[in-house]
Amino acid sequence: MYSFMTVVQLKNELRQRNASVTGKKADLIERLEAYDRNFNFGADPGPSEDPRYECPPVSCFKDINADSPIPPLDRHEIQAYFEKFNAQNKGKDMYESRCLLTARYASVGASTYFQGQCKAQMKKVTYIVNVKVSKEGNIEQANCECAAGSGIEAHCKHVSVLLCAVEDMCRTKTIMVHQVTTQKLMTFKRPHKVFYRSPIQAQNLPMSRPRKQAVNFNPLKREDMMENYQDYVHNLAIRRAV
Ligand SMILES: [Zn+2]
């Protein structure tokens, strides 16, 4: 549009912008266009497009246990939530390998806010995950600290881990959280085969040499046993007499 203006008009436009008026007509046009391009530079871009997750204050949160009144979240709802974004519900394995460190909830109005700490895979970081679930068990909002989880419709695997935990809590009244190394059974401690039969009795154990005489497997000698027995009878008699 500036190419149809005269040099005088262009210079007036530039003066209004406190800009330099030197140079040829092409320079003036280029300078005006540059000013127009940068018109909004540094100004407030207005309300953000990305809505923020509203999280209740920390004091509202409680630990989840079997008596916690949590909404009925089922796996179909979780599946539907991820399908809405063409995303896969990838958190089940992570949940089962105990990537969730903590899980808490807060009931505010008709909604329940869940907050969990989830370990990242392959990294030594944890992310705070937030999920808002309605009274009927519909996932309303989700947010995660990781790079993919901003806004209110996060669908990263950490959100999935927390949702799996809540679903597990609804179904089985238990929740699997992280264990320290010593709580886990080491693979070398786990028996390869489980022995279900009754133990072999000592006298039936196969021996390399044939038994010469009958072995008494009681560590007490027969005389000791008799002595003990006589003491026992004697004491019993005294007690009865008293
Ligand atoms: Zn995440």
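In E5, which residue is the bridge partner of Val 131? The partner is Ala 142. The model is predicted, with local features requiring pLDDT of at least 70 and side-chain atom pairs counted only at pLDDT 80 or more, while totals for chains, interfaces and linings use all residues. Residues are numbered from 1 along each chain as its sequence is written, and side-chain values use heavy atoms, without hydrogens and water.

Strands (E, DSSP runs of at least two residues, numbered from the N terminus) pair if DSSP finds at least two bridges between them. Strand E4 (residues 126-134) has 7 of its 9 residues buried, that is, under 20% relative accessible area with a 1.4 Å probe and protein chains only. E4 pairs with strand E3 (residues 111-119) in the antiparallel sense over 9 bridges; Lys 119 has Thr 126 in E4 as its bridge partner. The hairpin of E3 and E4 has 6 residues between the strands, and Met 122 in its turn has a positive phi of about 65°. E4 is also joined by 5 bridges to strand E5 (residues 139-144), again antiparallel. Their hairpin has 4 residues between the strands, with Gly 137 at a positive phi near 95°.

The whole structure contains 0 disulfides, a disulfide being a pair of cysteine sulfur atoms within 2.5 Å. Two cysteines are set out here.

| Cysteine | Closest cysteine sulfur | Sulfur distance |
|---|---|---|
| Cys 55 | Cys 60 | 9.0 Å |
| Cys 118 | Cys 99 | 5.6 Å |

The Cys 118 sulfur is too far from that of Cys 99 for a bond, and Cys 118 is buried, with a relative accessible area of 0%. The Cys 55 sulfur is likewise too far from that of Cys 60; Cys 55 is partly exposed at 37% relative accessible area, a class lying between 20% and 50%.
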